Amino acid sequence: MLEPVALKDFFIVFFSGAMVIITGALYALLFAWSRLWKKPWLMNAAYGAYMLLVISVLILGQTAHLNGFWCWLVFFMLTGYLLAPHGIWKLCVGTHMQHKQDAPIMVTETSNSEYSKEGVS
Amino acid sequence: MNSISLNGGQKLAIKYFSVAVALFVAQILFGLLSGIQYLAPGFLHGVLDFNITRTVHINAMVVWLLYGFIGSVYWLLEEESQTEISGLWLGNAAFWVLTSAVAVVVVVFLLVQTGPGDDFTRWFVNEGREYIEAPRWADIGIVVCLSIFLYNVAATFNKGRWSGIAGVLTLDLVALAGIYLAGMFYTTNISVDQYWWWWVIHLWVEATWEVLVGCIMAWGLMKTLKVDRKIVTTWLYIEVALMFGSGILGLGHHYFWIGTPEYWLSIGGFFSALEPVPLVAMVVHAVYDSGVRHMKSSNNPAFAWLIAHAFGNFFGAGVWGFMHTLPQINLYTHGTQWSASHGHLAFFGAYATIVIAMFYIAAQYARGKQQLGDDLPDRGWKWKWALGLLNLGVVGMTVALLISGYEQSFIERAQEGSTWYGYFAAQVHPWFIQGMEWRMVFGSVTAIGIVLLVWDLFTIGKQKAIKVKAGIVQT
């Protein structure tokens, strides 16, 4: 059930493991900036970071022998990291919706005084 | 100190914070001694052996963080409940009992050190379980004091006002006191014994402490950045759900190699791998909030330590934890300096930073709600250097221990198959020794940082308070 990592793959496993979290955070960061500042090119960069995350997860999966049952872990990591920022963003918008003072000022390029729902959707 | 303006809970909190700072200093002092003993095993041999210095180093950390959390809760209790603390005298008595017990335990650790392998030793010298070595009588004292703490909190909210934060906090304190009981009985089977022991270590650290920090942060955000109560409460619920969803069964990563059934490999690996997802997801929330608010802090040191908390938690718990959490690689890293590397950064990043932020909030209030901004008389050089040196020191130790741990997992575990020969071969390898030497260098940097931190906590805002009193500057 469990096949330990080969000696030659030690560094790759540690490095790819670290990159999973770092690229995951980078994806989340760029995703949020893109939505906040309304910069579509940042969203492309976010998905670029996500692609690096996919590569990291796949390398980790290969070197750590995540076969059989462990394939589910790869699947959940890929979908979890992809969807979590979307979900959290929706929650952010939802929880701040009733508070005018929490209008994301920087996203509303047309007006600084009026709360624009478009800016946070 | 202008303690007249503080409420009863805040005065008690200051006592807890004072002991916490003293224990923080002790933690670093005994950490330095332990570090020296890695390089010079004969150092203090027969006087203060490594097992003693390490025990004090780690227990001091657990206890000072606990004191910091308890102090933080007392600090916010009256404001949050909008009433005076119920049974404050009992809380004060518990503080003195707990502090006396801690002092006696440390004296016994240092002077008695060991005893025969019988019940007397377990009850009065050292219980023998790593990280929670306090003897049984002290264990009972800890549970009693935590129960009094729980009573203070629950009864105060009951008398005053319940809120989302109050509910989460009270339930969390039930768990905090209750889970400690799991580490207070023995079985003759080491696997079963370790099974319950990990409940205390893991579920305290990765469940109840996380929630405590969440409650403190929620209250802190309302007070410092005027975030709406509904928002912080909703996010507290979300955080608790995410943390518990992955953190409770993440306990399984401690069950890989202690003789528990094989299914723990899957459960532990799976949920441990998902533990960083909430941390990553929270990046989105942080960006959102920083974007929608013009964050202006009246307490720069506290704010800077909160930022250090965000980064430290992410890298220490997230990156350093995930790198070796899967059983396929943990087989080689478990119990090596990898664990120490992860432990140093995670404990500092996730917990020490936020407690230090609370120290600064307390210092600000205790000195008449001074603005601790850019206009400090000394331009805040002490807190800035303390922040820089402590973070540099801990990150440096983390990297140095990582190098030693990498070498251990390579030579001791993978090449030599976890044999005694492998253990000693790894301990004398130049990479291991150099890692330990660098750990000492950065440990010393950390020690300089703590000296500056303590100096700053004693003095920050004092000069300004005097000037305000004299009418020279405004608050």
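These questions and answers walk through a predicted model.

Visitor: What ground rules apply here?
Guide: Residues are numbered from 1 along each chain as its sequence is written, while chains are lettered from A and ligands numbered from 1 in the order in which they are written. Side-chain values use heavy atoms, with hydrogens and water left out, and in this predicted model local features need pLDDT of at least 70, side-chain atom pairs count only at pLDDT 80 or more, and totals for chains, interfaces and linings use all residues.

Visitor: How many residues does helix H1 of chain A have, and what is its reach from first C-alpha to last?
Guide: Helices are DSSP runs (H or I, at least four residues), numbered from the N terminus. The expected span is 1.5 Å times one less than the number of residues. For residues 10-37 of chain A, the expected value is 40 Å. Helix H1 of chain A has 28 residues and reaches 40 Å.

Visitor: Which residue just after H1(A) takes a positive phi?
Guide: The phi is about 55°. The residue is A:Lys38.

Visitor: How many salt bridges does the structure hold over all chains?
Guide: A salt bridge is a side-chain nitrogen of Lys or Arg within 4 Å of a carboxyl oxygen of Asp or Glu. Over all chains, the count is 10.

Visitor: Which residue meets B:Arg161 in a salt bridge?
Guide: The N to O distance is 3.9 Å. B:Arg161 lies in the loop between H5 and helix H6 (164-180) of chain B and its partner in helix H2 (residues 50-81) of chain B, so the pair ties together parts that are 81 residues apart in sequence. The partner is B:Glu80.

Visitor: Is B:Glu80 buried or exposed?
Guide: Buried means under 20% relative accessible area, exposed over 50%, and partly exposed in between (1.4 Å probe, protein chains only). B:Glu80 has 1% relative accessibility, so B:Glu80 counts as buried.

Visitor: Which residues does the network with B:Arg136 join?
Guide: B:Arg136 and B:Glu127 meet in a salt bridge of 2.9 Å, N to O. Both B:Arg136 and B:Glu127 are buried. Salt bridges that share partners make one network of B:Glu127, B:Arg129, B:Arg136 and B:Asp193.

Visitor: What does B:Ser72 touch, not counting residues up to four places away in sequence?
Guide: B:Ser72 is found in helix H2 of chain B. B:Ser72 is buried, with a relative accessible area of 1%. Contact means heavy atoms within 4.5 Å. B:Ser72 touches B:Phe17, B:Ile216 and B:Met358.

Visitor: What distance separates the centres of domain 1 and domain 3 of chain B?
Guide: Domain bounds come from an automatic or database domain assignment. That assignment gives domain 1 (1-162) and domain 3 (307-475), among others. In chain B, 26 residues of domain 1 are in contact with 31 residues of domain 3. Taken over C-alpha atoms, the centres are separated by 20 Å.

Notes
Helix = DSSP H or I, 4+ residues; strand = E, 2+ residues; numbered from the N terminus.
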